[in-house]
Amino acid sequence: MKKFKNILLALVLFSGFLFVLPTSVRASAEEPEIAEALETAEAVQEAGSPVVGPIGIGGGVIAYISQSGELSLTAYDDADDPVLPKDFMESWGRDKITSIKVDKYSATIHFPVDSSYLFSNFTNLKSIDFSGFDTSRVKNMSYMFLHCESLEELNLDRFNTSNVTDMSYMFAFCGNLKKVNLRSFNTSKVKYMDYMFYGLWEMTGLDLSYFNMANVTSTDYMFHHMTNLLTLHTPKNCKVSTNLPVTMYYLGYETYNKMPNLTYSKYLASSKILSTGGFDDVLDPEKWYYVPVYWAAAHDVTSGVGGSSYFKPNDDLTRAQAVAFLYKMAGQPNVDSYPEPGFKDVKNNDWFYSAVRWAVANKITSGMGPGMFQPGAKCTRAMIVTFLRNYSQNAAYTYVKPTTSSHFSDVPGNAWYKSAVDWAVENGITSGYGTGTFRPNLNCTRAMMVSFLKKVYELPILSNS
């Protein structure tokens with residue numbers, strides 16, 4: 001009985017009658033069946049009945065529009081090759097449409113060869129179902145979703161982009177777009193990607209790892225104003241043009257705390273890390289060392305371990321690696337004028353030779369024991385803060401002498417590294433290891449090192465005091 005009442009009320013509405021009950025009747029409808037039937041009737045009315053249409057929009061396609069802006073497209077029964085017109089719905093007001101789909105009983109509807117601006121200025125569009133469309137003929141997708149400001153998600157896994165050459169401005173100003181599936185995109189013929197993701201303020205992650213950018217010639221401001229981007233996976237196993245302009249990686253706003261894999265980008269444009277998609281073992285933005293590692297890559301302080309795609313953040317830092325990090329942060333100055341380091345275990349063809357020669361000349365280290373540097377020895381936290389203090393004294397940063405003494409329970413007042421620990425605490429390089437300890441004899445990891453380096457780099461650049 002309840003189901004019959006619901007259906008009856010819905011049919012009354014769809015038949016074009018205005019079904020309105022007085023407020024007193026509504027208030028007195030205490031029977032659950034009647035109350036639920038009324039709710040169903042109101043829901044049907046709010047869903048957009050009646051429907052406006054059919055509207056001929058050209059290309060062998062007709063449209064039906066509900067009062068709530070739901071647009072349903074269908075092909076004429078006798079249409080041999082239905083094609084969605086490029087300017088469809090312009091005369092009916094694109095800002096009135098909230099959803100678009102192809103009727104399930106319709107023949108497949110093709111996108112036009114030139115699909116530029118196809119869905120532009122559908123400012124209130126919240127969803128598009130692409131299951132009834134065919135994109136295989138398209139060559140131009142530029143500006144396709146321009147100013148679709150209400151879209152929050154796009155699933156484009158049905159897109160065939162094998163013939164597309166232009167994707168410039170494709171998603172520009174889709175300010176609320178948070179998720180877009182591009183994994184099926186074939187970009188082998190694409191030449192233009194400039195401004196492609198311009199103004200996607202709410203996007204936090206973007207996966208372009210399947211893109212082939214071998215033929216791309218224009219990428220100006222491709223990611224400009226993506227101010228909330230946390231992760232960006234660029235092509236790794238695909239060919240990538242080596243001549244892409246710097247602005248491809250320019251986000252527009254400088255926020256280290258939201259730095260993605262490959263972007264605090266104005267520093268990364270020339271980095272080899274760009275073409276490899278980041279370090280395979282540093283992919284989680286939630287890791288405490290994520291930002292420091294990519295800061296270091298951005299500033300050419302590191303390029304991974306042995307030229308590989310790994311950074312190995314948890315590996316213990318060696319003395320050779322420590323001075324190499326500092327030497328690179330100093331800009332790898334020419335060492336020809338410096339005296340020979342004079343260590344028996346440092347040869348002039350060692351990869352760390354220049355770094356050691358520079359470090360000794362600048363009094364950052366004097367070695368370990370008579371005539372030995374011990375490049376493979378592991379660095380303790382005490383050693384590293386001493387290196388960093390010595391580096392700061394000789395670099396362009398303001399050297400702030402400690403005015404207070406640190407009070408770590410494991411740092412004796414007469415320890416050889418006490419003044420360096422005091423300096424590190426005073427300058428915000430470290431706050432210790434928790435529970436009132438510094439752990440001076442704990443081995444320093446590679447992750448710890450780049451974290452320390454980033455903090456040193458951010459010290460004021462003034463005249464030494």
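This is a predicted model: local features need pLDDT of at least 70, side-chain atom pairs count only at pLDDT 80 or more; totals for chains, interfaces and linings use all residues.
**Exercise 1.** Describe the surroundings of Thr 437.

*Solution.* 
Step 1. Find the place of Thr 437 in the chain. Thr 437 sits in the loop between helix H8 (418-426) and helix H9 (446-457).
Step 2. Leave out residues up to four places away in sequence. Thr 437 then touches Phe 408, Ser 409, Asp 410 and Gly 432.

**Exercise 2.** Work out how helix H4 (residues 290-298) packs against H9.

*Solution.* 
Step 1. Read the geometry. The angle is about 65 degrees, and the axes lie 8 Å apart.
Step 2. Name the arrangement. Angles of 65 to 115 degrees count as roughly perpendicular, so H4 is roughly perpendicular to H9.
Step 3. The crossing of H4 and H9 is left-handed.
Step 4. List the partners. H4 contributes Val 291, Pro 292, Val 293, Trp 295 and Ala 296. H9 contributes Val 450, Ser 451, Leu 453, Lys 454 and Tyr 457.
Step 5. Sort the residues of this contact. Eight are nonpolar, one is polar and one is charged.

**Exercise 3.** Summarise the whole protein: which elements does it hold, and what share of its residues is buried?

*Solution.* 
Step 1. Count the elements: nine helices and eleven strands.
Step 2. Take the buried share: 48% of the 465 residues.

Definitions and conventions:
Residues are numbered from 1 along each chain as its sequence is written. Side-chain values use heavy atoms; hydrogens and water are left out. Helices (H or I, at least four residues) and strands (E, at least two) are DSSP runs, numbered from the N terminus. Buried means under 20% relative accessible area, exposed over 50%, partly exposed in between (1.4 Å probe, protein chains only). Contact means heavy atoms within 4.5 Å. Axes are lines fitted to C-alpha atoms, for helices over the stretch in contact, and angles run from 0 to 180 degrees between N-to-C directions. Angles under 35 degrees count as roughly parallel, over 145 as roughly antiparallel, 65 to 115 as roughly perpendicular and the rest as oblique. A crossing is left-handed if the near helix is turned anticlockwise from the far one by less than a right angle, and right-handed if clockwise. Ala, Val, Leu, Ile, Met, Phe, Trp, Tyr, Cys and Pro count as nonpolar, Asp, Glu, Lys and Arg as charged, and the others, Gly among them, as polar.
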